[in-house]
Every structure is written in C-alpha cells, then in structure tokens.
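Okay, thanks everyone, let me put this one up on the screen.

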Amino acid sequence: MNQGINQLVQEALAHQHAGRIAIALNMFEEVLRLDPRNPQANFSLGIADYQEGRIGLAIERFQIAAKKAGKHPQVHQLLGLALLNAGDLDGALASLKKAVSLAPREAGFLAQLGDIYRAKRQAVLSRQSYERALKLDPENGYALVGMGQLEVTVGNIDEAITWFEKAIACKKEVPTAAQCLSLAKSFKEKPALLDEIEALANDGVPRPGPEQANLHWAAGKIYADIGDTAHSLEHYQKARNSHYPPFDAAAYEDRIRFMKDVFDPAFFSERQEVADSSEKPVFIFGLPRSGTTLVEQIIGCHSRAASGGEIQFFRHLQENMGLKGAPSEALESRLKAMDPKEFKRIARKYLAILDGVDRRADRVTDKMPHNYEMLWLMSLLFPKATYIHCHRAPADTCISLLSHPLSPAHNYAVSQETVGRYYRSYASLMEHWEKVVPSKIHTLTYEALVGDQRAESEVLLSHAGLAWEEGCLEFYKSETPVTTFSNTQVRRPIFTSSLGRWRGKEPHYRELFDALGPYAPEN
C-alpha cells in the first residue's frame, strides 16, 4: 500500500471512530477506487453493506478482507454472519470456526458458532458452543438467548422461557430475548414486562432497526394474547416498518406474469427427456405460515423418511438464473436455451444434498415454502417426486404473516395492502402450475388437517408413497429440531385456535380484505 492510500485509510478510520460514518464511508470508497482490494476499506464498507441488508455485496467485501487480513478474527466472524444470513450454513460454519480459532476466549464468537450449529440442526454441537460461551461469560446475552432458542427447537419450551427471562433480568439482548419470550409464552393478563418493552421502544435511543422491530414484535404479540387488538396491530405495523424494506408489488406481479407466459404447456412437453427417475424428494411448499412445518413433522416421523428442513438449493438457483430480477427477453431466451445436460447436472447436485441429509431414507423432505415459484424446474427434474402444496385460509395466512417476523426477504408482508396483493399473485401462479406442470400436486388444506388429522395424514403419507405408521399422529414428539417460527406450535398436538383469527376484528383488517379481493372472507 503506498503512503498516500495508507494516509487516506487512517483518516477514514479516524472519522469512523469519531462517529462521522458518512464521511468515513465516502473516503473508503475513494480508497477502493485507488486500491480495489484494500482490506480495511473492504471490511468497513462490508459492515455498512451488511447493516443495510446488501448481504451479497457484504460477503464479497468480507471475503476480500479475509484474504488480505486473515489473522483478524472479526473479519471471519462477520463473514460468517453474512454467509449465515445468506443461507450458506457450511460457509458460515467454516468462517466462525476460523474466528473462534483466532480468538478462543471470545464468548460472543462461540455463541454465534452455536447459532450456526442450531441452524444446521446439530443440537449437541450447538449446546456445547453456548455452554463454552457461558463458561467464559455467564451473562453473555447472545449465549443466553441462543440457549433459549435451542431449547425451543428441540421442544423444551419451559426451559427456553427460563433462558429468555434470565437474559432480560441481566439486561442483555433485551429486544431479542423479549421477542423470543413473547412467542414461547402465552399471556393471560398484562405482564410488567410489557411496560418495560414499551418504555424501551419509546425511549428515543437510536438502535439498529432489527432491535427496534423486536421490541414492537414482542409488544404486539403480548397485546394480541390479552385481547387488545388495536394496540397489537399498532405495534405490529411499527415492527414491520423497522423490519422490512419497501416492497414493489407491481414488479412482483410482472414477474408472475412473465413466468406464466414462459412456462406454458409447450415448455414442458418439449423437455420431457430431462427427467430424473428419483422418488426421494418430498417438496412441501406454499406461503409461510400455511402449515409447511406441521406437514414436514408428520412425514419426518415416518421410519422411511427424513426431514431436510428448508433447503436453500432452488432459492439460490432462482437468484443465479436471474428469476428474482426484472423480466426480459434475454432471460426468456436463457431459460428456453437450457440443454438436457444442464438439467441433469442440477438434478445430481440436488440429490447429493438429499443424500447428505440421510442417504438411507427413501424420502427426504424439503419444506422451503417459496419453492412454489420454482415448480417449473422441480417438476421437470423430478416428475416422480412428491409435491405437497400447503394451503390455509387466505385471511388467516396473511394475518399470520403480518404478525410474525420473517426474514427481510419477505418484505411483501410490510403492510396489509402488500401482503394481500402478494397473496393474489401467489394464488394465480399456483392455479397456473396446477394446469401445466407434469407432476401431480397434492393440495393439503390446514383446515382439513386440523378437522381430521388421521384421515388427512393417511392421504398425505399415501401420496408420498409411504405406508401408514401410527407414530405420525404424534408428530409433536419428534426429536428433529425445528428452526422455523412454527417451532412452538409443532411441539404440541394439533389445535384450532389459529382458525378464523379475523372474526370479530373485521374493521381492523379492511385494507387487507380489500387487497385480497376475491380471496377475502365472505361476511
């Protein structure tokens, strides 16, 4: 590094440490213009990208910094967190392990390593990492909350509540702990905790958007439990405003129209030779909060099946193909030019992932809800696989989406109007797939499953080519970790309290019902 660039870096760092972030970032941009692989500039700009949700760019910058400054543990730590955010669990694990090896007594790094093991559903290793962190720092907030989240994933709800309450008592990671506690616990009356949460939410102290959102998510859930709908919806809207970036509903509708135009009956009839004969995949899809986790638990309890969780494969492929971007003639040409070798290569890679979950299982589930957008490819590759579309009453689905913090990628849930429009697009695409894809799609409605669990479960297993086993009725006793927001619900028998959540609250959801149009409940 020449002296001029080094001096510019030092000046930028001085501004950064003094809190003049905008000035520092502009100077680091100038450093990169002069020295594109400068480790400090890439690291500092990577942090800014990560905080603003530009995860892909943050990963690129952290990777450059890691190559140039490989002995700095925080570089590997933040790269690991960015990769975790992007769904690359193996890459995240490697980076956090490197950070821990460079700073073995950093409790926060160990706790974050525990988070990754938890996401990989390796409960024993996750617990060991949290315990190591707490041995170094008994009041480490990340580890306290992490232990609680781990207990939820394995079904120990009472133990989880104890960990969340301990974090709050220690004044550590209070927004996250409060949000987790609110989901793990049902409140019959207004708790003292609610006053504490609202005081923090309104204290005017600048805090990261996710933390501010968690305070409002927690308050919204508690108010919902005690029957105060107005205050609940007020907090939920504030949470979504902090949690999600804006959503362009018109752009999404254009994407759906494009897929329906490109993937027509001729597209499928001309590509029958690309099929793989495997029956191993069990694709469980639909909108989040529609029962996908419940269905996976039922099938996963079968002796010949294994639960794969939310496998990121087709979501990443969708991005790599450009299907998350604006439609274009070039994209249409690229999709129609895919040759049989490319299809078969994709199939082999996916089946290798399923073998990694359980090589001996006859069926492995993939419950990535938004795989419904990739049914065109999945059904071409695996026409003999099992396809289960989880459907729930539109209003109940949308209300649940509005009241649970999904990842920022689900920003269609930012408002009643956007989630209603999104639902209509989803329904339109599913109607199209039912007409054109070469695979049989079994639609399982949440309401039917709740109404007659045995009958619907028998049909479900039969569709997957699995003989009936009584143990599938007791899905809530499964030892498979559950890492989605349904993790508390699937740890108890099927219940009906989530049906018709809108009833008696129609005035509060008028905007949603207007946006749902023909899918709104009939009064």
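So, α15 and α23 are roughly parallel to each other, since angles under 35 degrees count as that. Their axes cross at roughly 5° and come within 10 Å, with α15 covering residues 249-262 and α23 residues 416-436. Axes here are lines fitted to C-alpha atoms over the stretch in contact, and angles run from 0 to 180 degrees between N-to-C directions.

Before I go on, this is a predicted model: local features need pLDDT of at least 70, side-chain atom pairs count only at pLDDT 80 or more, and totals for chains, interfaces and linings use all residues. Residues are numbered from 1 along each chain as its sequence is written, and side-chain values use heavy atoms, with hydrogens and water left out.

Who touches whom? From α15 you've got Ala249, Ala250, Tyr252, Glu253, Ile256, Met259 and Lys260, and they meet Arg421, Tyr422, Ser425, Ser428, Leu429 and His432 of α23 (contact means heavy atoms within 4.5 Å). By class, that's 7 nonpolar, 3 polar and 3 charged residues.

Zooming out, the chain has 26 helices and 5 strands (DSSP runs: H or I of at least four residues for helices, E of at least two for strands). The C-alpha trace spans about 70 × 60 × 45 Å along its principal axes. Of the 523 residues, 53% are buried, meaning under 20% relative accessible area with a 1.4 Å probe. And among contacts between residues at least 6 apart in sequence, 69% join residues at least 24 apart.

How values were computed. Angles under 35 degrees count as roughly parallel, over 145 as roughly antiparallel, 65 to 115 as roughly perpendicular and the rest as oblique. Ala, Val, Leu, Ile, Met, Phe, Trp, Tyr, Cys and Pro count as nonpolar, Asp, Glu, Lys and Arg as charged, and the others, Gly among them, as polar. Buried means under 20% relative accessible area, exposed over 50%, partly exposed in between (1.4 Å probe, protein chains only).
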